[in-house]
Amino acid sequence: MVTAIIVGAGHRAMGYANYALEHPEKLRIVGVADPSPERRAMAAERFGLTPEQCFASADELTALPKQADAIINGTMDRQHVPTTIPLLERGYDVLLEKPFAISIEEVKALEAAAARTGRKVMICHVLRYAPFYVELKRRVLAGEIGKLVTLETAEHVSYHHYSTAFARGKWHREDQCGSSFLMSKCCHDLDLLTWYMSGVAPVRVASFGGLHYFTRENAPADSGEHCLLDCPIEEKCPYSVRQLYLNHPDRWVFYVWPELEESGDLSIEAKTARLKDPANPYSRCIWKMDNNVADRQSVVVEFADGTVATHNLVGGTSRPMRKIHLLGTEGELEGVFDDNEFTIRHIDTRPGHETREERINLADLGDTTGAFGGHGGGDGNLAADFVSLVDGGAPSISCTMLSDSINGHLIGFYADRAMREHRVIEF
Ligand SMILES: NC(=O)c1ccc[n+]([C@@H]2O[C@H](COP(=O)([O-])OP(=O)(O)OC[C@H]3O[C@@H](n4cnc5c(N)ncnc54)[C@H](O)[C@@H]3O)[C@@H](O)[C@H]2O)c1
């Protein structure tokens with residue numbers, strides 16, 4: 001039985017903590033630290049916590065002697081390192097959300113604190129736990145495509161997701177949230193590249209991209225400033241907040257309506273009033289925000305053994321999608337996470353043939369979750385693995401200890417610098 005305290009009771013941490021409800025014999029939540037009284041109350045009710053087990057901040061908790069084995073840290077990006085280092089020093093093992101740091105200096109500080117205290121820090125790279133990516137890893141390790149030559153990955157962030165999290169949402173300005181579009185959205189994909197490379201170090205990075213479409217110059221002619229207040233073309237606009245959020249009331253609820261979620265009033269009237277409040281970023285024209293994160297970015301990485309990886313990130317696509325294509329000396333693996341399916345190909349030298357290929361659907365291997373259900377089941381599997389690790393279990397094939405996550409994060413930080421400074425960055 002492992003005991004844990006939630007630090008930052010947002011939707012991410014609460015999701016992992018739910019493992020305690022499903023497996024009360026393995027995990028017990030024994031506290032919550034969050035400045036929001038509503039979030040504390042929500043956690044207290046769900047996990048049966050007493051007022052003495054509820055803390056107003058990570059600092060308040062850290063000031064006390066150790067209260068549990070571990071921490072589930074689901075605070076926002078800027079708070080990850082400042083809250084985690086004192087918790088490690090207090091003796092807790094920590095499950096930490098990604099991006100686990102917002103700068104290379106923070107990466108180094110956290111690495112040093114983990115080494116100094118000897119505590120475990122595991123990063124929430126949930127895709128490593130999705131059966132689709134695990135099966136690819138298993139096949140790479142088994143040598144089914146020989147030695148990797150190139151890795152190509154892409155993430156297409158849909159129009160509604162990009163609007164909600166990036167153009168209008170919590171990650172729309174790097175100076176406010178601490179993270180670039182690449183780091184907040186794709187540190188998972190960069191982590192997968194390093195995972196498939198199994199410890200081979202990245203040596204140099206180039207990157208191109210920026211913010212080019214969701215800018216004031218591209219606003220449609222005659223558009224207003226606020227969709228529901230003054231926009232004459234709102235009914236025809238795919239980014240109208242009415243189309244995005246009132247016509248699809250279940251979409252991104254935890255991002256768009258956190259106050260309403262806490263008050264319990266998610267009626268269409270309450271939502272409409274919020275979208276008509278000019279102070280609410282979700283009331284504003286997507287082309288007339290003060291956003292400054294990119295809407296596209298391509299990254300090229302060379303590894304020490306000559307393997308080359310590329311990752312393309314696009315915001316505002318019609319379909320959400322993560323693609324991967326691993327090309328090796330003896331074959332290739334190609335698939336779309338959202339289809340829960342990949343193809344393995346080999347050379348076929350028989351007369352009249354060219355390629356031998358087999359399509360693998362994860363459902364046929366027993367995975368019925370697909371890309372849904374919390375990153376293809378990754379969220380739940382990760383929580384289970386963290387509990388086992390804290391309990392003394394051996395790390396699984398997917399386990400993302402801090403030390404394994406560093407190269408992926410460094411690729412992201414260097415790629416952002418390479419894009420900004422128009423140059424190749426050597427590690
Ligand atoms: N692993 C993934 O795939 C994935 C997906 C989405 C988001 N994330 C990451 O998860 C993190 C949390 O995202 P979220 O949407 O759940 O955020 P959130 O805003 O819902 O939750 C953060 C919580 O931290 C609390 N908080 C603020 N200051 C605090 C302090 N000093 N001590 C304790 N708590 C404090 C806030 O009140 C809030 O309840 C972010 O870093 C985000 O990038 C990860």
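Modeller: A residue is buried if 20 or more other C-beta atoms, placed from the backbone, lie within 10 Å of its own; it is exposed at 12 or fewer, and partly exposed in between. By that rule, buried residues make up 46% of the 427 in the protein chain. The model is predicted: local features need pLDDT of at least 70, side-chain atom pairs count only at pLDDT 80 or more, and totals for chains, interfaces and linings use all residues. Residues are numbered from 1 along each chain as its sequence is written.

Biologist: Why does valine 390 count as buried?

Modeller: Valine 390 has 22 C-beta neighbours inside 10 Å, so it counts as buried. It lies in helix 17, residues 378-390. Helices are DSSP runs of H or I, at least four residues long, and strands are runs of E, at least two, numbered from the N terminus.

Biologist: Which residues does valine 390 touch, not counting those up to four places away in sequence?

Modeller: Val2, Asp69, Ala70, Asp93 and Lys120. Touching means C-beta atoms within 7 Å.

Biologist: How do you know whether the protein chain agrees with a compact globule?

Modeller: The radius of gyration, over C-alpha atoms, is set against 2.2 Å times the number of residues to the power 0.38. For 427 residues a compact globule would be near 22 Å; the protein chain has 22 Å, so it agrees. The chain holds 18 helices and 15 strands.

Biologist: What makes helix 6 roughly antiparallel or parallel to helix 18?

Modeller: The axes of helix 6 (residues 104-117) and helix 18 (residues 402-421) cross at roughly 170 degrees and come within 10 Å. Axes are lines fitted to C-alpha atoms over the stretch in contact, with angles from 0 to 180 degrees between N-to-C directions. Under 35 degrees is roughly parallel, over 145 roughly antiparallel, 65 to 115 roughly perpendicular, and the rest oblique. Helix 6 is therefore roughly antiparallel to helix 18. Val107 and Leu110 of helix 6 and Phe413 of helix 18 are among the contact residues.

Biologist: And how are helix 5 and helix 6 oriented to each other?

Modeller: The axes of helix 5 (residues 80-89) and helix 6 cross at roughly 10 degrees and come within 9 Å. The two helices are therefore roughly parallel. Their contact includes Leu88 of helix 5 and Ala113 of helix 6.

Biologist: How many residues surround the ligand?

Modeller: There are 25, and the closest are Gly8, Gly10, Arg12, Ala58 and Glu97.

Notes. Near = placed C-beta within 6 Å. Contact = placed C-beta atoms within 7 Å.
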